[in-house]
Amino acid sequence: MEDNPYNGSGWPPFTLTGLPGLETSQHWMFLLLGPLYTVSIVGNALILFIIKEEQSLHQPMYYFLSLLSVNDLGVSFSTLPTVLATYCFQLKEISFDSCMAQMFFIHLFSFMESGILLAMSFDRYVAICNPLRYATVLTDARVVRIGIAVMIRSFCMIFPLPLLLMRLTFCKANILSHAYCLHPDLIRLPCGDITINNSFGLFIVISTFGLDSALILLSYVLILHSVLAIASQEERLKTLNTCVSHICAVLIFYVPMVGVSMAARYGRHAPKYVHTLMSLVYLFVPPMLNPVIYSIKTKEIRRRLCRILLQTKF
């Protein structure tokens with residue numbers, strides 16, 4: 001089979017795949033992914049609506065939760081077009097520009113989620129360790145600045161990725177491993193030297209996910225130290241309970257990410273569908289579970305949600 005070199009004057013299309021080895025019988029996958037999309041989109045939209053309508057939720061903690069919900073909607077809508085086309089309609093070709101755009105937005109929202117979770121951990125740290133200064137430290141203006149900083153940082157980290165790919169020559173059968181475009185998948189396809197791409201990719205992962213996770217861990221060490229100083233066990237549990245939703249959100253974001261990274265590095269001999277399924281878990285589970293967790297653990301959101309459901313029913 002001849003190589004077909006492409007460079008900046010004629011970029012190639014890419015071929016998306018569903019579950020490797022099961023291409024002819026994967027329509028059922030959307031029966032699974034469809035409900036996940038529905039729960040994610042409807043759940044996060046409801047969270048945003050409830051926070052907007054409930055005056056008691058106009059607080060920094062819930063402003064950050066709103067950012068998380070908007071971000072999760074972004075993740076869902078970034079993958080939906082190609083997942084729907086691949087699994088339902090067997091339309092697997094995607095243009096170079098569309099693939100670059102999708103890769104940019106998937107990774108942008110992923111990096112933003114890490115920053116939002118860090119901001120939420122800072123919110124919990126201030127609320128528990130310095131409760132008297134909470135209102136003065138986390139003002140509405142400061143929350144807005146934190147949100148803008150998270151977006152600018154993520155944009156600056158991700159923007160070079162498509163530019164670095166566009167400078168390379170593509171000469172292989174441009175078949176991707178997923179139903180969407182991811183940088184680790186795309187970086188395998190060029191024929192040129194990808195040392196810069198790999199080095200920059202490693203740099204942004206360490207300087208964002210690595211740094212954010214370390215700071216989140218530090219915040220919870222300080223929170224635990226503060227909680228253990230409380231004399232009453234009942235008060236300790238009550239205080240820690242305010243962190244449960246955020247801890248769950250952190251775990252369902254970082255654990256699949258670590259799993260995907262470990263599989264890519266050490267599971268090269270595993271069946272290809274294992275990598276695909278782990279990637280699906282990483283991209284689909286957090287946007288679905290975040291609204292479920294916060295709806296269950298937050299009394300005000302749970303109460304308003306029950307009221308909406310009862311009104312809909314009758």
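The exercises below work through a predicted model, going from a helix to salt bridges and then to surface patches.

**Exercise 1. Find the salt-bridge partners of E54 and say which parts of the chain they tie together.**

Step 1: For a salt bridge, look for a side-chain nitrogen of Lys or Arg within 4 Å of a carboxyl oxygen of Asp or Glu. The structure holds 6 of them.

Step 2: One partner of E54 is R304, with the closest N and O atoms 3.1 Å apart. E54 sits in the loop between α1 (28–53) and α2 (60–89), while R304 belongs to helix α12, so this pair ties together parts that are 250 residues apart in sequence.

Step 3: R307 is another partner of E54, and here the closest N and O atoms are 3.9 Å apart. R307 is in helix α12 too, so this bridge ties that helix to the loop between α1 and α2 across 253 residues of sequence.

Step 4: Compare the surroundings. E54 and R304 are both buried, with E54 at a relative accessible area of 15%. R307, at 39%, is partly exposed.

Step 5: For a sense of distance, take the C-alpha atoms of R307 and G201: they are separated by 46 Å, and the two residues are 106 apart along the chain.

**Exercise 2. Describe the salt bridge between D212 and R153, then decide whether each residue is buried or partly exposed.**

Step 1: The side chains of D212 and R153 meet at 2.7 Å, N to O. D212 is in helix α8 and R153 in helix α5 (residues 140–158), so to speak a link between distant parts of the chain, 59 residues apart.

Step 2: D212 has a relative accessible area of 0%, so it is buried.

Step 3: R153 comes out at 23%, which makes it partly exposed.

**Exercise 3. Locate a nonpolar patch on the surface and check the exposure of L217.**

Step 1: Pick out L211, L215, L217, L218, V221 and L222: these residues form a nonpolar patch on the surface. Together they have about 530 Å² of accessible area.

Step 2: L217 is found in helix α8, which runs over residues 195–228.

Step 3: The cut-off for exposed is over 50%. L217 has 58% relative accessibility, so it counts as exposed.

**Exercise 4. Which residues gather in a patch of positive charge, and which helix gives the largest share?**

Step 1: On the surface, the positive patch gathers K238, K297, K299, R302 and R303.

Step 2: Helix α12 (residues 299–313) gives the largest share, with 3 residues. K299 has its place in this helix.

Step 3: Look back at Exercise 2: R307 is also placed in helix α12, where its salt bridge is with E54.

Definitions and conventions
Residues are numbered from 1 along each chain as its sequence is written. This is a predicted model: local features need pLDDT of at least 70, side-chain atom pairs count only at pLDDT 80 or more; totals for chains, interfaces and linings use all residues. Side-chain values use heavy atoms; hydrogens and water are left out. Patches are made of residues with over 30% relative accessible area and no salt bridge: like charges are joined within 9 Å, nonpolar side chains (Val, Leu, Ile, Met, Phe, Trp, Tyr) within 5 Å. Accessible areas come from the Shrake-Rupley method with a 1.4 Å probe; for residues, only the protein chains shown count as cover. Lys and Arg count as positive and Asp and Glu as negative; His and the chain ends are not counted. The place of a charge is taken as NZ of Lys, CZ of Arg, CG of Asp or CD of Glu. Helices (H or I, at least four residues) and strands (E, at least two) are DSSP runs, numbered from the N terminus. Buried means under 20% relative accessible area, exposed over 50%, partly exposed in between (1.4 Å probe, protein chains only).
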